Amino acid sequence: MHDTPYADLNPDRILDAVESLGLRSDGRVLSLNSYENRVYRIGMEEGPALVAKFYRPGRWTDAAIGEEHAFAAQLVAADLSVVAPIAYRGCTLHPFQGHRFALFPLRGGHAPEPGDRDTLRHIGRVLGRLHAVGDGERFVHRGVLTIDSHGIDPVEYLLENEWLPPDLRSNFETLAHALLDAMEDCWERAGDVHTLRIHGDVHPGNILWREDQAHFVDLDDTLTGPAVQDFWMLAGRREDSNDPLRWLLEGYEQFRRFNRGELHLIEPLRTLRLLHYNAWIARRWHDPAFPVAFPWFEAPRHWESVITQMQEQLSAMQEAPPDPD
């Protein structure tokens, strides 16, 4: 385990890494918002600034990162606006003094307008094209989104490492088992679910909106999973209108058919994200950036809130899925 994975990643080392590729920086380094990896805006002596992404040691193999980069390149080749790594000396992943990094073009923009019909139809069209490319090949070295990987493993990690306050542990464990059973039932109701290469983390923060177009960033969580994983975070909560989901699918199905059975997976996927997110923070607690960024994580009030959300998700999975038609 890398207790302090970025302790030696100071501005001089960051610039030395970038310049090891034959580039000349102007000495400016600006840290960008990222917890899993470390990401910096690098000013260049010639040309626009670049973005340097230093991958978390031990998280991905070189082969897995290579699949991320290859997928991004395929999307760009299909004329999709995805921020893909730049190749230097024929490579996109570069080792430097115990670190691995990639350079990306700097892109501007803002989060898309939530709930806007034309915006969501456009994003749906982009996702339809993205999934058409994603279904053309299979990942070998990247993860697969399953109840085991994003549900059972996180629950076991939180319990085994005693993250739950003692007075909440039993309630959490009972609810977790009920949630896992309910998710299995939802997956069974969904029927034959096709999986493919997906973005994996499509939320407004990973979409740059400019010039009336969606530009997708951050394929760090790309994996094999159902198409609906790339929809539900943009579609709102079940108690809201079904219009956003309908608008997304109207755009999507101009390029690719969507299996309506996957609508049964929206609430299970929301539940998996809840469990996985909390275990992710717990697994990264040794990184000094995490206690600073998430100071509330160890407080009993946070875990009371988690249990409340788990109860809500258990009820949600017992209801009929949304009907966007």
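**View 1. Residue classes around the second largest cavity.** The lining of the second largest cavity has nine nonpolar residues, four charged and one polar. This is a predicted model. The cavity in this view has a volume of about 60 Å³.

**View 2. The centre of the second largest cavity.** In total, 14 residues line the second largest cavity. Look for Leu263, His264, Glu267, Glu319 and Pro321, the lining residues closest to its centre.

**View 3. Helices beside the second largest cavity.** Two helices, helix 5 (166-190) and helix 7, each supply at least two residues of this lining. Helix 7 gives the largest share, with three residues.

**View 4. The largest cavity and its centre.** The largest cavity holds about 100 Å³ of space. Its lining is made up of 13 residues. Which of them are closest to the centre? They are Ala235, Gly236, Arg237, Arg238 and Pro322.

**View 5. Residue classes around the largest cavity.** Five residues of the lining of the largest cavity are nonpolar. Five are charged, and three are polar.

**View 6. Helix 7 at the largest cavity.** Helix 7 spans residues 266-283. With three residues, helix 7 gives the most to the lining of the largest cavity. Helix 7 also gives the largest share of the lining of the second largest cavity, again three residues.

**View 7. Both cavities in the whole structure.** How many cavities of 30 Å³ or more does a search of the whole structure find? The search finds two.

Technical notes
Residues numbered from 1 in each chain as written. Predicted model: local features only at pLDDT ≥ 70, side-chain atom pairs only at ≥ 80, totals over all residues. Heavy atoms only, no water. 1 Å grid on protein atoms, 1.4 Å probe; cavity = no way out; pocket = protein on both sides within 12 Å on 5 of 7 lines; lining within 4 Å. Points joined across faces, edges and corners; volume = space filled by probe spheres on them. Helix = DSSP H or I, 4+ residues; strand = E, 2+ residues; numbered from the N terminus. Nonpolar A, V, L, I, M, F, W, Y, C, P; charged D, E, K, R; others polar.
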